[in-house]
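Subject: Structure handover

Hello,

The structure you asked about is below, and my notes on it follow. Please read them with the coordinates open.

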Amino acid sequence: MMYAQRLDNLPPYLFARIDAMKAAKRAQGVDVIDLGVGDPDLPTPVHIVESLVKAVRDPATHHYPDYTGMLSYREAVAAWYRERFSVELDPKTEILALIGSKEGIAHVPEAFVNPGDYVLVPDPGYPVYKTATLFAEGKVHEMPLAEENGFLPDFEAIPDAICSRAKLMFLNYPNNPTGAVADLAFFSEAVEFAREHDIVIVHDNAYSEIAYDGYRPPSFLQADGAMEVGMEMHSLSKTYNMTGWRIGMACGGADLIAGLGRVKTNIDSGAFDAIQEAAITALTSPQDCVAASCDVYRERRDVLVRGLEELGFSVTAPKATFYVWMEVGDSMAFAAKMLDEAGIVVTPGVGFGRHGDGYVRFAITRSVGRIEEAIERMRGIAL
Ligand SMILES: *Cc1c(COP(=O)(O)O)cnc(C)c1O
């Protein structure tokens, strides 16, 4: 049996190799410390869980959901965007429920990209931007994220011949995997660029609520003109420790949102209403649970960064996200050695694209005790 060529065209999935090595270590009885996963270890807050339980007992939630999401969910999203970002959204036309933001990201090129069109993709970056482009038969143009540019893409460096054939650009700040952040001036520059070249911008804001030291990440939609050129993918996954629940939202210009909606109508049948009810509870309740999660991550970040510095590494404490991005030389070799000799999983930067090589990503989704132990183990090996 032969798979379709589009599967062969996907980039090699380096994480599969790490997973196999991790499984082999565990089979040998090694107590593996997994700092590889971008999935909160903290539970979903109880008031949100209770809200789901109540909703799922109501048979009204047991039917096919509305394609665009319950109006009450979209209204809750609009209220949250107004409160959090001072962005006004029309719940009827400018918001679409997603089955997690990954779903929206994976489907959005289907709405805007013709075969052969270019999609501008940050590298290193969340792998779905590239694979979604390839599924839509688009061409990937990598925008390198370099440390000397604060891990922001350099729009000037994109060749004119690419700009004129580009239909879509993905951006993601606070950024996975680098932990970098962007300000509104950068988003305004992106809007300007999109206008000039008639490009749709999809900003992935999955980490806007995971931030430290008083820093509040902006929304792309706060930039003047952003609603005319783009949309923002958002999600409850990281904010409320709800990665398994699969609920998110796309917000932006009505025509753009409608395009994504047309794709989705033909592929999925919406997010489970009971989960939308729980998501309404999450978005409309006091946000202390989010601050509490950030306090937990901040302590872990500080323990990890201090420990790495003591080991002689040069590392920047991220202002947002739960990732620490560190320069190491050969990222695959470093990750393999960490696992082999210390039983620690970190993600090699090259897994996020070739411009990520030279770095590894630590996810601070493990306890302070485990992070301290990881530092102790690293002290015992020559890195
Ligand atoms: C986690 C993550 C997402 C996806 O989150 P969902 O659970 O699908 O909402 C999207 N983008 C980035 C950069 C992520 O790290």
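R246 sits in the loop between β7 and β8; helices (H or I, at least four residues) and strands (E, at least two) are DSSP runs, numbered from the N terminus. This is a predicted model, in which local features need pLDDT of at least 70 and side-chain atom pairs count only at pLDDT 80 or more, while totals for chains, interfaces and linings use all residues. Residues are numbered from 1 along each chain as its sequence is written, and side-chain values use heavy atoms, with hydrogens and water left out.

Backbone

R246 is not a glycine, yet its phi is positive, at about 65°. Its relative accessible area is 30%, so R246 is classed as partly exposed (buried means under 20% relative accessible area, exposed over 50%, partly exposed in between, with a 1.4 Å probe and protein chains only). T321 is another residue other than glycine with a positive phi, near 75°. It lies in the loop between α12 (288-310) and β9 (323-327). T321 is buried, because its relative accessible area is 0%.

Two peptide bonds also need a look. The bond from D123 to P124 is cis, with omega near 5°, and P124 is in the loop between β3 (118-123) and α6 (128-135). The bond from Y173 to P174 is cis as well, with omega near -5°; P174 belongs to the loop between β5 (166-171) and α8 (184-197). For context, most residues other than glycine have a negative phi, and most peptide bonds are trans.

Ligand site

Which residues come nearest to the ligand? Of the 14 residues around it, they are D204, Y207, S235, S237 and K238 (a residue is near a molecule or strand if one of its heavy atoms lies within 4 Å of it). A ligand nitrogen atom is 2.5 Å from an N or O atom in the side chain of D204. For Y207, an N or O atom of the side chain is 2.6 Å from an oxygen atom of the ligand. The side chain of S235 likewise has an N or O atom 2.6 Å from a ligand oxygen. The protein covers 94% of the 390 Å² of accessible area that the ligand has on its own (Shrake-Rupley method, 1.4 Å probe; for residues, only the protein chains shown count as cover).

Helix α5 (residues 101-112) gives the most to the shell around the ligand, with 3 residues. By class the shell has 4 nonpolar, 6 polar and 4 charged residues. Here Ala, Val, Leu, Ile, Met, Phe, Trp, Tyr, Cys and Pro count as nonpolar, Asp, Glu, Lys and Arg as charged, and the others, Gly among them, as polar.

S237 is in the loop between β7 (230-235) and β8 (248-252). With 6% relative accessibility, S237 counts as buried. Leaving aside neighbours within four places in sequence, S237 is in contact (heavy atoms within 4.5 Å) with P40, M242, T243, R246 and I247.

Cores

The largest nonpolar core has 63 residues, of which Y73, Y81, L236 and Y240 touch the most other members. A nonpolar core is a set of buried Ala, Val, Leu, Ile, Met, Phe, Trp, Tyr and Cys residues joined through side-chain atoms within 4.5 Å. Helix α4 (residues 71-85) supplies the largest share of this core, 7 residues. A second, separate core of 40 residues includes I18, I344, F362 and I371.

Two buried polar spots

H203 is in strand β6 (residues 200-204) and is buried, with a relative accessible area of 0%. Its side chain makes a polar contact of 2.8 Å with that of E232 (a pair of N or O atoms within 3.5 Å; within protein, one must be able to donate a hydrogen and the other to accept it, and residues adjacent in sequence count only if both atoms are side-chain atoms).

D34 is in strand β1 (residues 33-34) and counts as buried at 6% relative accessibility. The side chains of D34 and K22 are joined by a polar contact of 2.9 Å. A polar atom of the D34 side chain also lies 2.8 Å from the backbone nitrogen of G36. Not counting residues up to four places away in sequence, D34 touches K22, R26, V345 and R366.

Regards
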